[in-house]
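Subject: Structure for your review

Dear colleague,

Please find below the sequence and structure that I am handing over to you. A description of what was found follows directly after them.

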Amino acid sequence: MFLTLVLILGCSLDSYSQESNEIKLIKDFYKALYINNINPEEIVSQYIKYSDADQYKKGTSMIIDFRNFAKEENGNFFLLKKDVVENNFSISSYNSFNEIDKAKFNNLEEKKRENVFKVDLKHSIPQYILIENDKIVSFFGFQKASSNDYTFIVF
C-alpha cells in the first residue's frame with residue numbers, strides 16, 4: 001500500500017512539475033516580449049521552436065508585429081500587453097479546459113492537445129499556446145466564425 005502511494009505521489013509530482021515548467025516558459029516568454037523588451041531574435045532563439053532560417057525570420061517578424069500592434073492604444077494586442085505587464089492573467093493546461101475549449105482542439109492529434117495552454121486575460125480574449133519539447137510552437141492562432149476548430153499559426 002505504501003509503495004502504491006509513493007508511486008502515485010511521484011507520478012503526480014512529475015506531471016505537476018512538467019506543467020509548471022511549461023507555464024514558466026509561457027510567463028518568461030511574455031515577460032521577454034513585453035516587460036524586458038529583449039530583442040526579437042533572442043526571443044525566437046530562446047523560446048520559439050523553428051527548424052530553418054525562414055521559420056526563424058517568420059518568428060522574428062511575428063514578435064515585431066505583436067509589439068507594434070500593442071503600441072496602438074486599443075485592440076486585443078494592446079490589452080494583452082497591458083494584462084501581461086500588470087500580471088492580470090492566468091494560465092491553464094488543456095486537461096483543465098472546459099468541454100467547449102477542449103472541442104476547439106479536436107483537429108489536433110491527442111499528443112499535441114496535451115501541449116496546448118490557455119492564457120486567460122483580464123481585459124482581452126484568451127490566447128492559446130502550443131508547446132513542444134520545451135519550446136513554443138505557436139503563440140497565435142484563430143478560430144473562423146463558421147468553425148469550431150482553433151487553428152494555430154506555426155512558424
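The secondary structure of the protein consists of six helices and six strands, where helices (H or I, at least four residues) and strands (E, at least two) are DSSP runs, numbered from the N terminus. Along the sequence, these elements follow the pattern α-α-α-α-β-α-α-β-β-β-β-β. Please note that this is a predicted model, in which local features need pLDDT of at least 70 and side-chain atom pairs count only at pLDDT 80 or more, while totals for chains, interfaces and linings use all residues. Residues are numbered from 1 along each chain as its sequence is written, and side-chain values use heavy atoms, with hydrogens and water left out.

Of the 155 residues of the protein, 36% count as buried; buried means under 20% relative accessible area, exposed over 50%, and partly exposed in between, with a 1.4 Å probe and protein chains only. Among contacts (heavy atoms within 4.5 Å) between residues at least 6 apart in sequence, 52% join residues at least 24 apart.

I turn next to the sheet. Four strands form an open sheet in the order β1-β2-β3-β4, with antiparallel pairing; two strands pair if DSSP finds at least two bridges between them. Its edge strands, each pairing on one side only, are β1 (89-93) and β4 (135-138). On average, neighbouring strands of this sheet are turned by 35 degrees against each other, direction ignored; the axes are lines fitted to C-alpha atoms, for helices over the stretch in contact, and angles run from 0 to 180 degrees between N-to-C directions.

Strand β2 (residues 116-121) is joined to β1 by five bridges, and the two run antiparallel. Within this pairing, Ser-93 stands opposite Phe-117 in β2, and Ser-92 has Lys-118 as its bridge partner. Lys-118 also has a bridge partner in β3, namely Tyr-128. The antiparallel pairing of β2 and β3 extends over four bridges, and these two strands form a hairpin with five residues between them. Five of the six residues of β2 are buried, so this strand is largely enclosed by the rest of the structure.

Lys-104 deserves a separate paragraph. This residue is found in the loop between α5 (99-103) and α6 (110-113). Is Lys-104 buried or exposed? Lys-104 is buried, with a relative accessible area of 15%. Not counting residues up to four places away in sequence, Lys-104 touches Tyr-128, Gln-143, Asn-148, Asp-149 and Tyr-150. The C-alpha atoms of Lys-104 and Asp-149 are separated by 4.4 Å, although the two residues are 45 apart along the chain.

Finally, the largest pocket holds about 230 Å³ of space. On a 1 Å grid over the protein atoms alone, a cavity is a set of points where a 1.4 Å probe fits but cannot get out, whereas a pocket is an open set with protein on both sides within 12 Å along at least five of seven lines; lining residues have an atom within 4 Å of a point. Grid points are joined across faces, edges and corners, and a volume is the space filled by probe spheres set on the points. Of the 13 residues lining the largest pocket, Ile-125, Pro-126, Gln-127, Gly-141 and Tyr-150 are the closest to its centre. The largest share of the lining, three residues, comes from α4.

Yours sincerely
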